[in-house]
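Dear colleague,

I am passing on the structure below, and I would be glad if you could look through it before reading my notes.

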Amino acid sequence: MKIYTADEIRFVEERENEIGMEFLRLMENAGAACAKKVEKFVKKDTVVCVVCGKGKNGGDGFVIARKLVEEGIKVKVVLAQGAPLATDAIEMYHKVDVLSVDVVRYDWDKILALEAISSADVIVDCIFGIGFHGEPDDDCAEVFKMINCSTATVISVDVPSGVDTDTGAACKYAVCADYTLAITTLKPAHVLFPAREKCGKVYVLDIGISEAALSSVSPRLETLSMDELGALLPSRSISAHKNDFGHVLCICGSKNMPGAACLCSGAACVAGAGLTTVVFPESAYASLASHMREVMLVPLPEIDGKLAATFECMSQLSVFIQKASAIVIGPGLGQSEDVTELVQSVLKTAKCPVVIDADGLNAIASDLDVLKGLSIPVVITPHPGEMGRLTGLSVAEIEENREGIASEFAKHHNVTVLLKGAATVVASPVTEAVYINTTGNVALAKGGSGDVLAGIIGSLIAQGLNEYDAACCGAFIHGHASDVVIGDTSVAGLLASDLFSGIRKTYLELGK
């Protein structure tokens, strides 16, 4: 699913105006589609207050108010910024003004306007649309605060007033919607924090814009729906056998962190890999053997509880590298000179895609030149702190420009970058595409969840997905898994191993 910036959607509407519908019809269609959705939240004797700005978003609000009145719903209109100024909005306002609708101008009667907002059962926020930046004036800020203090159901049209459509920034008193009705497409504000928190549940409404107009631009940002995820995941023939679904080699774990190997390899199995082998230090054998029944265990020589880079270890490891369809390296390895040497050696000798996570990233952070000239695809899965070590930037700098930094690193080092966080980002090394993940919750902010994610991605690559699609689908599945199990475990109580059940439920929902 493509995510359109403000300028991109404006261009689309301009194009539609040229080849199909004129702007006034687009506004009519948008308002009608929104009104139909608003009706679903209306009960007997419900009072709806439509709060309109002076621009096109306000014009949508006037259409909504008219359509609701035509359905016999009691409606009040508040002009938050006085009379409308946009040409189309003025015309739509005149159509409302002739109806028996209470219209209150905030600039003429502040008390009555605020009372109309505070007494409503449903508030439709049409003050600002995709053009808002910065901070509102004092009067608009007061209207925002009154909406947020209300006990009404708040429905924002296109984006909540007070959020920046393209950056996801939100002003101090930005409207906190229960629902947001996205016109035609998703916008960055619907998927980027902190604006995403202001949107509530987002519905995308079709207002009749043609595919020809939509395809007149090529949006850089994208996300996935469940249907799109299902289409990307491989189908399974009834005559298939385990070798058809790939062999994942997980090089993970240490004496002190055997759980990382269990979680990573277990996730690879649950996500559908036909075969999974886990390589780990000998001292972790008892822990893994007591927990892992479905994976092949390969204990190798170690130094101080971590894998050694000795000739014996590397020669044994090379046998399994040659058999692998995908390799995941890093979770729980620990840090040592031997681990660094081992990770870099695996990258140079691997014949299949490699997913680098956790201590694997630490092993390459001081020498990113190891990524140059590799003939294999690589996926890296850093959290912001690890990304900071890879780039030399602070966590704050990374969080301010997650999409840009991930994309630049992907291009410069020829790797697929999955930058973890509240809105996980995936950047491609070969296209301009940047994926923003919309699934997941704060329950994932717990040790071990990243190990599960790495295992899922490795599994999907082994099953035939390309690295970018595997990272995007992996992020979606990982997040959705947490969404479907927190009702059984609680947000605070979710364990990384609980995600296995969530992965199974996600696949069941997809019919896989």
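This is a predicted model: local features need pLDDT of at least 70, side-chain atom pairs count only at pLDDT 80 or more; totals for chains, interfaces and linings use all residues.

Residues are numbered from 1 along each chain as its sequence is written, and side-chain values use heavy atoms, with hydrogens and water left out.

The protein has 20 helices and 20 strands, which are DSSP runs (helices H or I, at least four residues; strands E, at least two) numbered from the N terminus. Its C-alpha trace spans about 85 × 50 × 45 Å along the principal axes. Of the 512 residues, 57% are buried, that is, under 20% relative accessible area with a 1.4 Å probe and protein chains only.

Helix α15 (residues 384-391) packs against helix α17 (residues 402-413) at an angle of about 50°, their axes being 12 Å apart. Pro384, Met387, Leu390 and Thr391 in α15 meet Arg402, Ile405, Ala406 and Phe409 in α17, where contact means heavy atoms within 4.5 Å.

Asp88 lies in helix α4 (residues 87-97). Although Asp88 is buried, it has no salt bridge (a side-chain nitrogen of Lys or Arg within 4 Å of a carboxyl oxygen of Asp or Glu), and the nearest side chain of opposite charge, Lys56, is 4.8 Å away. Not counting residues up to four places away in sequence, Asp88 touches Phe23, Leu24 and Met27.

With kind regards

Terms used: Buried means under 20% relative accessible area, exposed over 50%, partly exposed in between (1.4 Å probe, protein chains only). Lys and Arg count as positive and Asp and Glu as negative; His and the chain ends are not counted. Axes are lines fitted to C-alpha atoms, for helices over the stretch in contact, and angles run from 0 to 180 degrees between N-to-C directions.
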